[in-house]
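Dear colleague,

I am passing on a structure for you to look through, and below it I have set out what was found. Please keep the picture open beside the text as you read.

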Amino acid sequence: MSVGVLLMTHEAMGAALVGAARHVLGQLPLALDVIEVAASADPDSTLSQAARHARGLDSGEGVLVLTDLYGATPCNVARRLPALGLNMHCVSGLNLPMLLRVLNYPEQSLDELAQTAASGGRGGIFIDHA
């Protein structure tokens, strides 16, 4: 068993990141699903959809939800999932380095993987001082 991963993003972002991860890694080592939230999406409907997807990903170890922007609808909806009885952590600021780092540590627990996601996202940011 391992942690499931749910990406909750604005339109087109989640699928693009998964496509890039498949390009780099080939086969993805964790169960992964994407919900792309339209600008006109109803938050309550999105919450129901997210709960269904998260429950489908949870094999007993919990679900790591990665969102693109803290405070935006995908993140706000994700943060409501624990109230529905889901074992999960939400990490926002999703970028490709974060996703790749998560996918490279499929053996980690939910708590460890949340920390790995955050450090991977931060660690993938560089400033070129040329």
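**Helices, sheet and cores**

In this predicted model, the axes of helix α4 (residues 96–103) and helix α5 (residues 110–123) come within 7 Å of each other and cross at roughly 145°. The crossing of α4 past α5 is right-handed. On the α4 side the contact is made by P97, M98, R101 and V102, which meet L113, T116, A117, S119, G120 and G121 in α5; of the residues in this contact, 5 are nonpolar, 4 polar and 1 charged.

Turning to the sheet, you will find that it is open and has 4 strands in the order β2-β1-β3-β4, with parallel pairing. Because β2 (32–37) and β4 (88–92) stand at the edges and each has a single partner strand, one side of each is left without a neighbour in the sheet. From one strand to the next the twist averages 20°. The parallel strands β1 and β2 are joined by 6 bridges, and L7 stands opposite V34 in β2. Helix α1 packs on the sheet, where it touches β1 and β2, and its direction makes about 150° with that of β2.

Which residues have the most contacts inside the largest nonpolar core? They are L64, L66, V91, L99 and V102, in a core of 22 residues, to which β1 (4–10), α1 (13–25), β3 (63–67), α4 and α5 each supply at least two. A second, separate core has 16 residues, among them I35, V63, V65 and A78.

With best wishes

Terms used
Residues are numbered from 1 along each chain as its sequence is written. This is a predicted model: local features need pLDDT of at least 70, side-chain atom pairs count only at pLDDT 80 or more; totals for chains, interfaces and linings use all residues. Side-chain values use heavy atoms; hydrogens and water are left out. Axes are lines fitted to C-alpha atoms, for helices over the stretch in contact, and angles run from 0 to 180 degrees between N-to-C directions. A crossing is left-handed if the near helix is turned anticlockwise from the far one by less than a right angle, and right-handed if clockwise. Contact means heavy atoms within 4.5 Å. Ala, Val, Leu, Ile, Met, Phe, Trp, Tyr, Cys and Pro count as nonpolar, Asp, Glu, Lys and Arg as charged, and the others, Gly among them, as polar. A nonpolar core is a set of buried Ala, Val, Leu, Ile, Met, Phe, Trp, Tyr and Cys residues joined through side-chain atoms within 4.5 Å. Buried means under 20% relative accessible area, exposed over 50%, partly exposed in between (1.4 Å probe, protein chains only). Two strands pair if DSSP finds at least two bridges between them.
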